[in-house]
Amino acid sequence: MTKVTSIDEVQGLLGNAGYVCGRSLATVVFLSLRLGRPLFLEGEAGVGKTEIAKALAASLDRRLIRLQCYEGLDASSAVYEWNFPAQMVAIRTAEAAGTHDRDMLQAELFSDEYLIARPLLEAMRPQPGGAPVLLIDELDRTDEPFEAFLLEALSDFQVTIPELGTIRAPEPPIVILTSNRTREVHDALKRRCLYHWVDYPTFEREIEILAARAPEASEILSREVVAFVQRLRTEDLFKRPGVAETIDWAKCLLALDVVSLSPEVIADTLGAILKYQDDIAKLQGSEAARILADARADLAG
Ligand SMILES: Nc1ncnc2c1ncn2[C@@H]1O[C@H](COP(=O)(O)OP(=O)(O)O)[C@@H](O)[C@H]1O
Ligand SMILES: [Mg+2]
């Protein structure tokens with residue numbers, strides 16, 4: 001098991017890896033590590049869910065194994081596949097050499113050498129530094145049959161390959177699942193996990209994140225950027241900007257040697273924070289100036 005002894009320690013570990021972590025998130029991460037339960041993180045895109053897994057792996061010095069979910073993901077792409085082209089070559093070679101011992105060939109073809117381990121199998125294998133962090137990212141992109149399959153895989157941490165036998169994790173991996181909530185993930189799976197909703201950060205926390213991720217930005221610029229983005233999130237937009245966008249935007253402004261926001265600068269760089277033309281169009285003209293004025297009022301108040 002992972003030997004973290006307190007919530008403070010978790011906060012410190014993640015902090016060292018550049019992740020600004022609030023008390024409630026640190027608590028649920030701590031519990032997940034202590035109890036060996038998967039952690040289910042839900043929230044809007046760009047709020048730092050995936051990054052938690054990366055920071056945790058880095059700070060615990062564990063290998064990070066990522067299963068990126070997508071529509072149509074099936075068990076074989078998630079667990080293992082046989083290297084079919086290599087098997088074909090081996091068969092042809094054996095035929096050419098006149099080796100006709102079918103049993104021997106069969107045993108050889110379905111051995112480790114021709115096995116392609118996908119993330120779930122990889123996560124069950126022993127790792128030198130201890131159990132890996134298994135990140136099952138954007139689970140909401142898959143379908144229900146895959147969820148059902150995952151539920152089983154997460155309950156016993158073993159994989160059975162008919163030709164090879166059962167592979168059992170010597171120590172269960174540290175499992176983090178994320179969802180951008182484009183659909184609800186099934187209750188049964190959620191019940192296996194500890195749950196945390198990753199929200200947009202508060203003003204103070206987002207300033208801290210920016211200080212960690214874009215330390216070159218001056219305090220004045222950082223405060224304006226964060227105040228503006230925080231204001232923007234209260235507007236009626238198709239896609240509200242995440243923390244990733246705040247960081248990107250600050251970096252763009254730095255690259256342009258901007259020291260303070262103006263409606264013109266905002267109009268020129270909107271593509272860094274808004275990724276839909278309708279949202280961008282909405283902010284053209286006097287809207288950007290109004291939001292900037294509101295943001296400045298927030299800073300002054
Ligand atoms: N609390 C945080 N501390 C440090 N960086 C953060 C934090 N939250 C978000 N980030 C930054 O935002 C970026 C996007 O986060 P990401 O984990 O990809 O979002 P999500 O998976 O929720 O869509 C990350 O690359 C990271 O740099
Ligand atoms: Mg993500």
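1. Some housekeeping: residues count from 1 along each chain as its sequence is written, while chains are lettered from A and ligands numbered from 1 in the order in which they are written. As the model is predicted, local features need pLDDT of at least 70 and side-chain atom pairs count only at pLDDT 80 or more, but totals for chains, interfaces and linings use all residues.

2. Start with the domains, whose bounds come from an automatic or database domain assignment. The protein chain is split into domain 1 (7-71 + 119-197), domain 2 (80-113) and domain 3 (203-294). Between the C-alpha centres of domain 1 and domain 2 there are 36 Å.

3. Next, look for the open sheet: five strands in the order 2-5-8-1-9, paired in parallel. (Helices, H or I of at least four residues, and strands, E of at least two, are DSSP runs numbered from the N terminus; two strands pair if DSSP finds at least two bridges between them.) Strand 2 (64-68) and strand 9 (194-197) sit at the edges with a single partner strand each, so one side of each has no neighbour in the sheet. From one strand to the next, the twist averages 20°.

4. Zoom in on strand 2 and strand 5 (residues 133-137): five bridges join this parallel pair, and Ile65 has Leu134 as its bridge partner in strand 5.

5. Which strands does helix 3 touch as it packs on the sheet? They are strand 1, strand 2, strand 5 and strand 8, and the direction of helix 3 makes about 170° with that of strand 5. Helix 2 (residues 23-35) lies across strand 1 (39-42), strand 8 (174-179) and strand 9, at about 160° to strand 9. Axes here are lines fitted to C-alpha atoms, for helices over the stretch in contact, with angles from 0 to 180 degrees between N-to-C directions.

6. Helix 3 (residues 49-60) also meets helix 1 (residues 7-16): their axes come within 8 Å and cross at roughly 100°. The two helices are therefore roughly perpendicular, a label for angles of 65 to 115 degrees. Leu13, Leu14 and Asn16 of helix 1 meet Ala55, Leu56, Ser59 and Leu60 of helix 3, where contact means C-beta atoms, placed from the backbone, within 7 Å.

7. Now the ligand. Around ligand 1 there are 18 residues, of which Gly48, Lys49, Thr50, Glu51 and Ala244 come nearest; "around" means a C-beta atom, placed from the backbone, within 6 Å. Helix 3, helix 10 (203-213) and helix 12 (243-255) each give two or more residues to this shell. Domain 1 and domain 3 each supply at least three.

8. Finally, a hairpin: strand 6 and strand 7 have three residues between them. Four bridges join strand 6 (residues 158-161) to strand 7 (residues 165-168), and the two run antiparallel. Thr160 has its bridge partner, Thr166, in strand 7.

Methods. Parallel < 35°, antiparallel > 145°, perpendicular 65-115°, else oblique. Contact = placed C-beta atoms within 7 Å.
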